[in-house]
Amino acid sequence: MGNKIDLGNASWTLAGWTPNLWKLNVAAETGSSQKAEIPAFPVQLPCSVQMALRDRGLLPDMYTGFRARECEWVENRHWIYECRFEAELAAGRRYEVVLPGVDAAGWVRFDNVIAGTFRGAHREHRIALPPGTGERRTHRLEIIFDSPTRFAGQFGDSSKMPVDKPRFYYTWDWIPRLVQTAITRMPYIADCDAPGWDFDTLWTDADAKAGTGEIFLRGTAGGIGELTVTLLDGDRSVLERRITAGEFAAGVSLRDIPVELWRPNLSGAPRLYRLAVAGGGE
């Protein structure tokens, strides 16, 4: 949670490729540059490939009739989300591309070089970049999605079920097959050497008899001596607590928090709270 380059304001595009063709600079037979099968078009992140294609008129309404079947060809392509952004990456400092939500596997290419791979829709991924040079320039970031897992077990093969994507994509009861490929949360560039902090563990619990809540948090803090933890009910502060970097590393339980506990379905409107952690000027 230190200094970061927000890519939310960058202009993103999406293109569909014959699998692995994007790895070749030129065609061996003709010497010409390789081209995407679905030429790049603008998209607004976060978004799925399927919804972007539907909005572009390249897919039918997959929620009508049997038209989900007409969308299955999307699984048989590689999809590239691309943006270009101008930034100065300080000389000698370490940077990472952070992918908070990607569904589900592929490669990250930065300035035309493969920086790393990712797999799994249920966790964050961090890809190390080459050290900065101190030069302000335009950088190119490509998030390249591989074709998804063909099928996810079940029907006697539950032990073979992979965990990199939600199981319900692959049919379940009345649900048709619709295997999403998507960026579900906005990527960013993190400065690993800047003062900052990050979570290793975060969970909540409740004391039903007392009607109070509990928050446990643990993580790492670099270059920061103290963090402020605040729980907010709208604009109202329910809890504010300062913890040291050492306490954060060991793990801190914040108990007896006066919150309204979650109600069972149809038993009242649930109340949502927002947790804010600040340190090092954030």
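## Note on charge pairs, backbone and fold

1. D164 counts as buried, at 10% relative accessibility. Here buried means under 20% relative accessible area, exposed means over 50%, and partly exposed lies in between (1.4 Å probe, protein chains only). R119 is partly exposed at 48%. R119 and D164 form a salt bridge, with the closest N and O atoms 3.0 Å apart. R119 lies in strand β9 (residues 113-119) and D164 in the loop between β11 and β12, so the pair ties together parts 45 residues apart in sequence. A salt bridge needs a side-chain nitrogen of Lys or Arg within 4 Å of a carboxyl oxygen of Asp or Glu.

2. On the basis of the values: this is a predicted model, where local features need pLDDT of at least 70, side-chain atom pairs count only at pLDDT 80 or more, and totals for chains, interfaces and linings use all residues. Residues are numbered from 1 along each chain as its sequence is written, and side-chain values use heavy atoms, leaving out hydrogens and water.

3. K165 also takes part in a salt bridge, meeting the side chain of D103 at 2.7 Å, N to O. This pair links distant parts of the chain: K165 sits in the loop between β11 (136-145) and β12, D103 in strand β7, 62 residues apart. Both residues are buried. A104 falls in the loop between β7 (101-103) and β8 (105-110).

4. E75 and R177 meet through their side chains in a salt bridge of 2.7 Å, N to O. The partners are 102 residues apart, E75 in the loop between α1 (49-55) and β5 (78-88), R177 in strand β13 (residues 175-177). E75 is buried at 4%, and R177 is buried at 13%.

5. Salt bridges total 22 over the whole structure. E82, R84, R109, R140 and E142 are linked in a network of them. The 33 positive and 36 negative charges have mean positions 3 Å apart. Lys and Arg count as positive, Asp and Glu as negative; His and the chain ends are not counted. Each charge is placed at NZ of Lys, CZ of Arg, CG of Asp or CD of Glu.

6. Further backbone points to check. The L45 to P46 peptide bond is cis, with omega near -5°. P46 is in the loop between β3 (38-43) and β4 (47-48). T171 is not a glycine, yet its phi is positive, near 80°. T171 belongs to strand β12 (residues 170-172) and is partly exposed at 23%. D256 likewise has a positive phi, about 55°. D256 lies in strand β20 (residues 252-257) and is exposed at 61%.

7. G106, in strand β8, is buried at 7%. Its C-alpha is 5.5 Å from that of I144, 38 residues away along the chain. Not counting residues up to four places away in sequence, G106 touches G116, T117, F118, I144, F145 and D146. Contact means heavy atoms within 4.5 Å.

8. Overall, the protein has two helices and 21 strands. These are DSSP runs numbered from the N terminus: helices are H or I of at least four residues, strands E of at least two. Buried residues make up 41% of the 282. Among contacts between residues at least 6 apart in sequence, 67% join residues at least 24 apart. The C-alpha trace spans about 70 × 55 × 35 Å along its principal axes.
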